[in-house]
Amino acid sequence: MNRHTKHIILSFFTFCFSIIGTSQVNWVEGWSENQLKQAIVRGDSQMNEAEKEVIFYCNLVRIDPKKFMSTVLPKYVESREIENSSYLISLRRDLKKANELPPFIANSELSQVAKKHATNSGNKGTIGHHNYTQRFKHLNDIFSVDGENCDYGNGEAIDIVFSWLIDEGIADLGHRKNILDPDFTHTGVGISPHKEYGVNAVMAYGKME
């Protein structure tokens, strides 16, 4: 076993320990070592561990949506005491019929876009995708398709991801669709303080040919 392989294995177990250690719930119980390795962030990244963790959970959804539905989803619903709703029902339905997809690859350009928007929104106390076209314009030569998710008030990665997956009150389920979109190949996440909601998270997506 060479030094590079040892480093990957050590990083894998350190990451798995950290995501279990941040919660009383072992969200990844029942997932194979190979699946967890697939979900860990790959690629050029300037993100911190919390931001990488958001991608990790999104990658679990993508690589095995049915398993996510049967393992992580019921634990989350029980632990957060979430009442059943049409959005939760539709999430189960969408995960059940969703195809397995490759995990997202981290991208430094997308993470910079996400971090900048999270920081600006947090400083101003604003919400939404303002100046979206302008903010992504410099990436048009890199990504043929792009997208963005925003979340407010959730400090833990698992809560950020589930706010997008359940997408309560969002008629077009745009956040959920972005996570499950087969066109998106790369992503970046920014999490920053927000003067109105305490914290906000932004996840930027792109399709690289």
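The legends below describe close-up views of a predicted model.

View 1. Four strands, in the order β1-β3-β4-β2, make up an open sheet with mixed pairing. The edge positions are taken by β1 (105-106) and β2 (145-152); each has a single partner strand, so one side of each has no neighbour in the sheet. Strands of a sheet pair through backbone hydrogen bonds, in either the parallel or the antiparallel sense.

**View 2. Pairing of β1 with β3, and the helices on the sheet.** Strand β3 (residues 186-194) pairs with β1 in the parallel sense, over 2 bridges. A106 has T187 of β3 as its bridge partner. Helix α3 (residues 49-63) packs on the sheet, where α3 touches β3 and β4 (198-207). The direction of α3 makes about 130° with that of β3. Helix α9 (residues 157-166) also packs on the sheet and touches β2, β3 and β4. The direction of α9 makes about 115° with that of β2.

View 3. G153 is found in the loop between β2 and α9. Its relative accessibility is 41%, and G153 therefore counts as partly exposed, the range for that class lying between 20% and 50%. Leaving aside residues up to four places away in sequence, G153 touches Y197 and V199. The C-alpha atom of G153 is 9.3 Å from that of P193, and these two residues are 40 residues apart along the chain.

**View 4. The stacked pair F184 and Y205.** The whole structure holds 8 aromatic pairs. In the pair F184 and Y205, the ring centres are 5.1 Å apart and the planes are at 20°, so the rings count as stacked, the cut-off being under 30 degrees. F184 lies in the loop between α10 (174-179) and β3, while Y205 lies in strand β4, so the pair ties together parts that are 21 residues apart in sequence. F184 is buried, at 3% relative accessible area. Y205 is buried as well, at 0%.

**View 5. A cluster of aromatic rings.** W27, F68, Y76 and F162 are linked into a cluster by ring pairs.

**View 6. Charged ends over aromatic rings.** R62 places its charged end over the ring of F104, at 3.9 Å from the ring centre. The charged end of K67 sits over the ring of W31, and the distance to the centre of that ring is 5.3 Å.

Definitions and conventions: Residues are numbered from 1 along each chain as its sequence is written. This is a predicted model: local features need pLDDT of at least 70, side-chain atom pairs count only at pLDDT 80 or more; totals for chains, interfaces and linings use all residues. Side-chain values use heavy atoms; hydrogens and water are left out. Two strands pair if DSSP finds at least two bridges between them. Contact means heavy atoms within 4.5 Å. Axes are lines fitted to C-alpha atoms, for helices over the stretch in contact, and angles run from 0 to 180 degrees between N-to-C directions. Buried means under 20% relative accessible area, exposed over 50%, partly exposed in between (1.4 Å probe, protein chains only). Rings of Phe, Tyr and Trp (its six-membered ring) pair if their centres lie within 6.5 Å; planes under 30 degrees apart count as stacked, over 60 as edge-to-face and the rest as tilted. A charge sits over a ring if NZ of Lys or CZ of Arg is within 6 Å of the ring centre and within 35 degrees of the ring normal.
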